[in-house]
Amino acid sequence: MTAINIYQSLDKSQKEELKKIVLARVQVMPKDLNVSVGGESVNKSELIRHIEKEDKIGEILMLTELEFLQDLAAGAIYAHE
Amino acid sequence: MNKSLLVTRPNDDCTTNYLSFWSLSVIDEAKRKGFDIYDLFAKKANRKDFDSYLRFQKPDILFLNGHGNEKTVTGFAGETLLISSKKKPVKNTIIYARSCSAATILGSKLISWGAKAFIGYIREFIFGYTQSKITRPLEDSLARLFLEPSNLVVTTILKSHKVSEAVERSKEMMYQNFKKMISATATYKERYSASWLWSNIKNQVLYGDMDAVV
């Protein structure tokens with residue numbers, strides 16, 4: 001299943017919640033930090049725009065954060081120890 | 001006859017420029033190991049040259065740096081180098097695609113065309129970098145955390161280790177870096193971008209013969 005499909009499987013309220021969480025996190029992103037993702041090089045303000053628009057880049061980053069939080073909660077990130 | 005490495009290094013935007021610079025240490029290692037190097041740098045990372053080297057030099061290792069999606073990997077200025085709908089002569093080649101999502105469809109296609117093994121990402125390959133370092137990518141300690149472990153895929157294969165070992169070592173280094181990034185000693189930038197490296201750990205995959213070596 002691709003990133004976009006998993007994101008699409010969320011219902012409307014779940015997507016809204018996720019968007020709020022990720023936007024709150026991006027607000028505290030260091031200004032000197034950029035990310036290369038999905039064929040683009042993106043800075044903080046561009047990232048905020050992508051997430052607000054919920055376009056492909058925005059969805060990828062939202063899903064990345066969702067998976068990280070899920071894995072953190074499930075203890076999966078310590079499974080490699 | 002020497003073993004050979006074909007590497008594509010477009011550099012027409014910030015992402016590809018970083019990948020291009022960070023590939024230099026892999027090329028150096030290949031030279032040390034006595035490999036013949038076919039370096040498609042900048043505008044040379046075009047379809048015509050790529051096809052020619054692939055057909056006539058039959059590289060043992062193909063190291064692709066560039067943008068990609070489920071079905072394609074591109075070269076300079078977005079020109080398609082590999083696409084799942086057009087068969088290419090990759091028989092007996094070990095391929096590493098440092099690009100987004102190419103493992104989803106293209107990876108298995110390359111195996112069906114005879115590639116020994118394919119390593120890539122089932123989703124986006126993500127890396128963080130420092131705006132103030134964009135003219136000196138090799139001095140970017142944040143990008144190093146993402147790109148050094150990905151280089152390890154190829155440098156391990158160059159040393160005649162199995163591809164499965166290459167992936168294992170790369171993942172292990174990613175995980176060590178990830179642990180550093182979420183630790184109390186990490187910088188704020190490192191902590192912030194740790195989730196991106198976690199995504200790369202989860203999405204790096206290997207298809208084909210797990211025991212393949214050059």
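Trainee: What share of the contacts in chain B between residues at least 6 apart in sequence joins residues at least 24 apart?
Mentor: Among those contacts in chain B, the share is 67%. Two residues are in contact if their C-beta atoms, placed from the backbone, lie within 7 Å. This is a predicted model, in which local features need pLDDT of at least 70 and side-chain atom pairs count only at pLDDT 80 or more, while totals for chains, interfaces and linings use all residues. Residues are numbered from 1 along each chain as its sequence is written, and chains are lettered from A and ligands numbered from 1 in the order in which they are written.

Trainee: How confident is the predictor in chain B?
Mentor: On pLDDT, the predictor's confidence in each residue from 0 to 100, chain B averages 97, and 100% of its residues score at least 70. For the complex, the predictor gives an ipTM of 0.93 and a pTM of 0.96.

Trainee: What makes S1(B) mostly covered?
Mentor: Five of the six residues of S1(B) are buried. A residue is buried if 20 or more other C-beta atoms lie within 10 Å of its own, exposed at 12 or fewer, and partly exposed in between. Over the 214 residues of chain B, 50% count as buried.

Trainee: How many helices and strands does chain B have?
Mentor: Chain B has seven helices and nine strands. These are DSSP runs, numbered from the N terminus: helices (H or I) of at least four residues, strands (E) of at least two.

Trainee: What makes S2 and S9 of chain B edge strands?
Mentor: The order of the open six-stranded sheet in chain B is S2-S1-S3-S6-S7-S9, with mixed pairing. S2 (36-41) and S9 (204-208) each pair on one side only. Two strands pair if DSSP finds at least two bridges between them.

Trainee: How do you know that S1(B) pairs with S3(B)?
Mentor: Four bridges join S1 (4-9) to S3 (61-65) of chain B, and the two run parallel. B:Leu6 stands opposite B:Leu62, and B:Val7 opposite B:Phe63. S1(B) also pairs with S2(B), again parallel, over six bridges; there, B:Val7 has B:Asp39 as its bridge partner.

Trainee: Which strands does helix H6 of chain B lie across?
Mentor: H6 (163-181) lies across S6, S7 and S9 of chain B, at about 175° to S9(B). Helix H5 (141-158) lies across S3, S6 and S7 of chain B, at about 165° to S6(B). Axes are lines fitted to C-alpha atoms, for helices over the stretch in contact, with angles from 0 to 180 degrees between N-to-C directions.

Trainee: How many residues of chain A are in contact with chain B?
Mentor: 22 residues of chain A are in contact with 25 residues of chain B. On the chain A side, strand S1 (33-37) and helix H4 (56-74) each give two or more residues, and H4(A) has the largest share, six residues.

Trainee: What joins S1(A) to S8(B)?
Mentor: S1(A) and S8 (127-130) of chain B pair in the antiparallel sense over four bridges. One of the bridge partners is B:Phe127, which stands against A:Ser36.
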